[in-house]
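Colleague: Hi! Could you walk me through this one? I'm new to it.
Modeller: Happy to, here it is.
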Amino acid sequence: MEQAIRLAGFFAAHGVWCVADGEALIPLYAYEDAQGARKMIRYDADSLEDGVALARASLAQNDEEAAQAVVVHDGYVSLESGRTDALIVIARDHAADLTLTMAIPYRNAAHPQGFAVHRPKFLDWRGASEPDYALLGEQFFAGVEMHELGDRIWQAKLDDSI
């Protein structure tokens, strides 16, 4: 799962880079091929919901026979502070049959205080083994750091308040 979560971190950082200027994120499905090359498919459908459904279907079907894959899409998450914009990240390790769903809450660029990205939230774990959330967090941020522009924005606009 470590490689899948690093992939998730990289593409979550890509998503942060995309939404930092106020644009909506087109749902994306990403995976590493057998040679380790990263591939990304965007699902620009008639509606956000349709695009999300197509990206999630690609993750479930795994037609590329990827060992690990990720879906990132725009959405919302309900926190103690209320409902907020969030990037929803689903990381899948097909080989180990493990799935982790996370939310990356953010403050929309149109907000009077401007764009901010908040601490990731683990939402769901699917698998036979128990997750090591500390290790998963470390691997996630190792992936974030691999996306130079996304990491730079993440660090500059980090707001740990929620």
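Modeller: Leaving aside neighbours within four places in sequence, His 73 is in contact (heavy atoms within 4.5 Å) with Leu 25, Pro 27, Val 52, Arg 56, Ala 86, Leu 87 and Ile 88. This is a predicted model, where local features need pLDDT of at least 70, side-chain atom pairs count only at pLDDT 80 or more, and totals for chains, interfaces and linings use all residues. Residues are numbered from 1 along each chain as its sequence is written, and side-chain values use heavy atoms, with hydrogens and water left out.
Colleague: Which strand does His 73 lie in?
Modeller: His 73 belongs to strand β3, residues 68-79; strands are DSSP runs of E, at least two residues, and helices are runs of H or I, at least four, numbered from the N terminus.
Colleague: Is His 73 buried or exposed?
Modeller: His 73 counts as buried because its relative accessibility is 6%; buried means under 20% relative accessible area, with a 1.4 Å probe and protein chains only.
Colleague: And which side chain does His 73 join in a polar contact?
Modeller: That of Arg 56, at 3.0 Å. A polar contact is a pair of N or O atoms within 3.5 Å; within protein, one must be able to donate a hydrogen and the other to accept it, and residues adjacent in sequence count only if both atoms are side-chain atoms.
Colleague: What about Gln 68?
Modeller: Gln 68 is also in β3, and is buried at 8% relative accessible area. Its side chain makes a polar contact of 3.0 Å with the side chain of Glu 32.
Colleague: New topic: how many residues of α1 are buried?
Modeller: 14 of the 18, so α1 is largely enclosed by the rest of the structure.

Technical notes:
Buried means under 20% relative accessible area, exposed over 50%, partly exposed in between (1.4 Å probe, protein chains only).
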